[in-house]
Amino acid sequence: MKKAQFILSILLSSIIIQLNAQQYFDFGFERDHSIEVNDSLGNPLDMAWVGGLNAVHFQEMDLNLDGIMDIVVYDVQGSRLLTFINNGTANTIDYTYAPEYEKLFPEIYSWMQTVDFDNDGDMDIFNYSTYGAGISVYENISSNGVLKFKLLTQSLYYSIPGWPSSNIYVSTADYPAIVDVDNDGDIDILTFSILGVYIHYYKNFSMENYGVPDSLEYKLADQCWGKFAENDTSNEVKLHQYCYNGKIAKSSGGVDKSGAEKHTGSTLLAMDLNGDTLMDLLLGDVDYFTINGLINGGTLDSAHMIAQDTTYPNNTQAIDVVSFPVAKYIDIDNDSIKELIVSPFDPLYYSTKNRNSVWLYDNNGTNSLPAFSLAKKGLLQDEMIDVGDASNPSLVDVDGDGLLDLIISNYGFVDSTYIAPPWYILHAIKISQLTYYKNIGTAGNPKYQFMTSDWAGLSALKKIALRATFGDLDGDGDDDMLVGSNDGSITYYENIAGAGQNISFAAPITNFQNISVGKDNFSSPQLIDIDKDNLLDLVIGKKTNRLRTYNNLDSTVGYISYYKNTGSASQAVFTLETDSMGNINPRDFYSYYAAYASPYFFRDADDSLKLYVGSASGLTFYYRNIENNIHGTFGVDSNLTFQDVNQTLYSVFSYNNSDHVLVPFRMGIFSAPLVHDFNTDGYPDMMIGAMSGGLCYFKGVKSPGVGFDAAKNINEPVIKLFPNPANDIVNIKLEDFQNIQSMNIEIRDMTGRLISSKHSHARPNTQISTSNLKQGVYFISIYTKSYGGQEFNSTLKLMIL
C-alpha cells in the first residue's frame, strides 16, 4: 500500500515480528464459525461463514500431509485462495474449511494449477508469472509435517535452435493445460499462441535428457497442436487446420486468418475422453457459457482433432456457466473416480453469474472413459451464506419478534446477457436483490435460517448494488428502510405495519428528498445518530470522490457524505452538512482504482462514536476522533489484519512505533463491515461482506495490550529483480519482508552517478518506473533495516532495453 495512513495495521499477540514498543487496542476480533445458519429446510450450512465463492477453480493438494488429497480453491475475483481439509469419508464430499493453511502458499496471480511435475508424490504449483506473462513454478518441499513451497523458476522457458530461449507465453486470461501430453512421464504444456487461433505444444524433454521427470526443459514441438483453429471473434472451432511457420493454411471449410488476429482468453483441460490414451480437449472461451469437447483422432506425437461437441457433455445437461467456464478433473468425493468441476473463470464481477456458479458432474464411467452427469449446481456454495456477489449485511427485526434478522444485499443476479458488436463483448444485465435470513435463535445466541433471496420484492427496482439501512423515520415505532444503489440516489420505503408487526412497506419513493451523491456513484447509506440529538442522521459512502451530476458537471469531494436530520422524530428531513465527512480516504491505489466506500458507524461501550469503512480493495479501515470533528479529519488507526493460526484481529488504539507495517486482512475485494454485539458479551462482533457473496464472522474478544522484546537477529533478506532486462517498469521483490522495517532504493549508472533514490516501508513488491532511463546497464542498491536494527545492503545489475 502506498499511503502511510493506509498501512497502520493491526498487531497480533502471536506475530513473529518483535517490537520494542507497547501496543494498545480498542477492540479484538477472532474468526469464528459458531453462529448456526440453516438453509430453507432447516439443514445446517457447515461452511456458513467461509465467505462465498464466485469464479473459482479447484486444485488438489495434501495440506496436512496425511496422505489424503485436500482441495485448494482459487477465486479470480479478488484473488482469494481458500484451503479445505478432506475428511476422507468414502463416497462423500466431506471437507472442512481450514484457513490456517492459506498463509503457507506463495502469492498467487490470476490462476494456479497443482501438478506433481517431479513425480515425488507432492503437488507443486504452476502459476501465472508477472515476469513477462508466462508460468512460474513453486516446488513443494514440505517436510516434518509442514507444508512448504520454494520458488523454482520465475518463468518457464523453451529453447529454439539458433535462437535465445524465450518464455512460454500465457496471459492472465488464459488457463493452460499442464499435463503429460505424449504419455512419456514428464509434464508438457498446451497454451494458445500470443495471437490465439491455434495451440502451441511445448514438449518437456526431461525424460529424453535425463530419464527422470524432475526437470522442466521445453521445446516448441507443435505450433498447431490438434490441427484446429479457433475463430478470433467467437468460440467457433474449425477442424483440420494446418499452420506453417506460425500461419494458418486454409483447408476445405477453413477460416481465413489473413487479417488482424486477436485473442481474448481461453481455458484448456486436456484429458482422455474416450479411453484411447490420447489427450482430448475441453475448451472454454471468454464471454461464452459452454465448453467445446474436442476429440483427438491423431497419435501421441501428432494430435489431430477430428470431432467436436459444442455443447459438452451432450448426454446430460450441457455446461452453461456465465461466463468463461473453466473445468477441472479431480476426485472430489473419495470414490477413486474423478469428477468434472466447472465454474466461471471471468475476473469481471459484473459479467458472471455468481450464484450456484460451481457445477459438479458425477462420473458414471472410469477415469480414462468418463461418463458425466450433472450432479449439482453450487458445489460448496450450497454450504455457505452466498448471495452471489458484493454482499453487504444489515440488521432489522423483520417479523416483530424482538430479534434482529439478517438482510444481505448484493451487486446483482444475472437477468439476461447479450454479445454486442463490433468487439463482440459480453454484456450482462444484473438485478440486485435483498436476501433475508430469519433469526430463529435468541437475543444472545442468534441462529439464522434462509427465507428468501428477494425480500420485499426489491428486484422490481431493476437496479444494481442495492444497499439497505433501517430506522424509524416517521416516529410510529417501526423501522423504515432507505436503499442506495449504483445510480447514487436514495429510495425510501415506509414501514406501515406498526410496532411489533411483520414489516410491510408502502410503495417506494424514489429520489427521496432529492438526495444524491452523484450520478453512477454507488450510494451506500447508513442511518445513525451522529450528533446525539436523538434523531437519525444519514451518512452515505460512495464509489469516487467526484460528485457527478446529471448535467455532467462535477467537483472533487470526499468519500462519505453527511446529511444531518434537521426535521423531527415524526418527520425526518435530511440536510447536507458535508460531502467530505472526516476527510477519509479508503482508496488503496495499490489494489483498486476506486474506493466504493461502505461505512459503518457504531458506538462502543463508552458511547464513543467509531467507524469502520469497507472498500473496493477489500481492506477495512478503522477511524476514531469523530465527534465534534465532522468537518475535520478522522483519526486513522488501522486496517483489519490477521496473522496467527486462530485468525485473531485487533484494532490499534495508538502506535508507539508508527513505522510498523503488516499485511492487511482481505477477504477479496469490496469489503462491507457490520458491527454488533451478537452474543451480548459486551464485546462488539463483526460481519464482513465482500465481492465473493458470502460473509465472514468475527467474534469480539478482550483487546490485549501486548509488549514485545527486542528482535532477534535475522538472516539477510532475499531480494529479486524482475523483469530484467526491463523497459518501463522493474519490480523489486523482498522475501520475508515482515522482518524488515524500512528500505532505501538507489539507482546508479555505470559511472556510479546517482540517478534516483526512494525510501519506503518494506513491502513484498515495490515497483520502480524505469521509463526515463536510457538503454544500458544500471546498478540498483537496496538498503534494508530490520526491526532489531540490523542493516543489509544488496546491489543488483539491471539492464534497460
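**Close-up 1. Lining of the largest cavity in the predicted model.** The largest cavity is lined by 19 residues, and Arg467, Phe522, Tyr596, Ser598 and Phe670 lie nearest its centre. Here a cavity is a set of points on a 1 Å grid over the protein atoms alone where a 1.4 Å probe fits but cannot get out, and lining residues have an atom within 4 Å of a point. Its volume is about 200 Å³, taken as the space filled by probe spheres set on the points, with grid points joined across faces, edges and corners. The lining has 10 nonpolar, 8 polar and 1 charged residues (nonpolar: Ala, Val, Leu, Ile, Met, Phe, Trp, Tyr, Cys and Pro; charged: Asp, Glu, Lys and Arg; polar: the others, Gly among them). This is a predicted model in which local features need pLDDT of at least 70 and side-chain atom pairs count only at pLDDT 80 or more, while totals for chains, interfaces and linings use all residues. Residues are numbered from 1 along each chain as its sequence is written, and side-chain values use heavy atoms, without hydrogens and water.

**Close-up 2. The second largest pocket.** A pocket is an open set of points with protein on both sides within 12 Å along at least five of seven lines. This one holds about 700 Å³ of space. Among its 31 lining residues, Val179, Ala270, Met279, Tyr329 and Lys338 lie nearest the centre. By class, 18 are nonpolar, 7 polar and 6 charged.

**Close-up 3. Pairing of strands S9 and S10.** Strand S9 (residues 134-140) pairs with S10 in the antiparallel sense over 4 bridges; strands are DSSP runs (E, at least two residues) numbered from the N terminus, and two pair if DSSP finds at least two bridges between them. Glu139 stands opposite Lys150 in S10.
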